[in-house]
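Please look at the sequence and the model together, and keep both in view while reading. The paragraphs below go from contacts and cores to the sheet and then to the aromatic rings.

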Amino acid sequence: MRKLTVVLLVAILPLLGFSQSIFDKYENMDHVGSVIVNKGMIDLVSKIGALDDDDEAREFIEVAKGLQGVKVFMTEDEGVSLDMSKTVKQYLKSSKLEELMRVKDKDVNVKFYVKNGKNENHVTELLMFVSGMENVEIGHNGRKLETVLVSLTGDIDLDKIGSLTNKMDLPKDLNKAGGRK
C-alpha cells in the first residue's frame, strides 16, 4: 500500500507544478554557466529595492514582484549549444509557447517566446534563446559565449517589460520585445 501511495505521489506532483524545468539539466553541466534566481531572492530584492527613490528602480521592482523564477544558461561549447537548441525545440513542441519575435544579425539569432497569461498584456513565461554568437566575451576571464538561454516565469506584464527595455541601451529591434505591437 505504501509503494502505491509513493508511486501516485510521484505521478501527481509534476501536475501540481513541482516538476523541474526541462532546462535544469544545464545547471550542473560542464561548460555551462548558470544563474538561477528563485522567488525568495526575488522577494528579498524587491523589499530592499522598494526603499529606493529612483523611478527606474521602482519600475524594475514592479516587474520583479510578478516573477516566480529566473533561469539563465550560457555556454561557449558547440556540443552543449547544439543540445540546448534541440532541447528548446523539444520544449516548444510540448509547451504552449508562441513566438513573440525573432532577430537575426549575421549569424546571431535571437528568439523570444511567450506563454499567454491572464490577458493580452500578461504572460506566464518569457523564453529567450540566443544562438550563433561569436567573440562575445563576458567577465574578466575572457570567456566567450556561443549560446544563451533565458527563462522568466510568473505573472509578467509585457507593458512594464517594454517600458524598462526602452530605457536601456539596447538595439532598437530588441526594444520591441517588450510588447506585441
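Two residues are said to be in contact when heavy atoms of theirs lie within 4.5 Å. With that in mind, turn to I156, which, leaving aside its neighbours within four places in sequence, is in contact with L67, N121, H122, V123, T124, E125, L126 and I161. The model is a predicted one, in which local features need pLDDT of at least 70 and side-chain atom pairs count only at pLDDT 80 or more, while totals for chains, interfaces and linings use all residues. Residues are numbered from 1 along each chain as its sequence is written, and side-chain values use heavy atoms, with hydrogens and water left out.

A nonpolar core is a set of buried Ala, Val, Leu, Ile, Met, Phe, Trp, Tyr and Cys residues joined through side-chain atoms within 4.5 Å, where buried means under 20% relative accessible area, exposed over 50% and partly exposed in between, with a 1.4 Å probe and protein chains only. The largest such core has 24 residues, and V148, L152 and I156 touch the most other members. At least two residues of this core come from each of α3 (55–65), β2, β3, β4, β5, β8 and α5 (158–167). Apart from it lies another core, of 13 residues, which includes F23, M84, Y91 and F129. Across the protein, buried residues make up 35% of the 181 residues.

These element names need a rule: helices (H or I, at least four residues) and strands (E, at least two) are DSSP runs, numbered from the N terminus. The protein has six helices and eight strands, and from the N terminus on they follow the order α-β-α-α-β-α-β-β-β-β-β-β-α-α.

Strands are taken to pair if DSSP finds at least two bridges between them. Six strands form an open sheet in the order β1-β2-β8-β5-β4-β3, with antiparallel pairing. Its edge strands, each of which pairs on one side only, are β1 (32–38) and β3 (97–105). For angles, axes are lines fitted to C-alpha atoms, for helices over the stretch in contact, and the values run from 0 to 180 degrees between N-to-C directions. Neighbouring strands of this sheet are turned by 10° against each other on average, direction ignored. Helix α4 (residues 78–94) lies across β1, β2 (67–75), β3, β4, β5 (122–131) and β8 (147–157), and runs at about 150° to β5.

How many bridges join β3 and β4? Strand β4 (residues 108–116) pairs with β3 in the antiparallel sense over eight bridges. Along this pairing, E98 stands opposite V114, and D105 stands opposite V108. The hairpin of β3 and β4 has two residues between the strands, and there K106 takes a positive phi near 55°.

The last topic is the aromatic rings. Rings of Phe, Tyr and Trp (its six-membered ring) pair if their centres lie within 6.5 Å, and planes under 30 degrees apart count as stacked, over 60 as edge-to-face and the rest as tilted. A search of the whole structure finds two aromatic pairs. The rings of F23 and Y91 have centres 5.1 Å apart and planes at 70°, so this pair is edge-to-face. F23 sits in the loop between α1 (2–12) and β1, and Y91 in helix α4, so that the pair links distant parts of the chain, 68 residues apart. Both F23 and Y91 are buried. The rings of Y26 and F73 have centres 6.1 Å apart and planes at 55°, so this pair is tilted.
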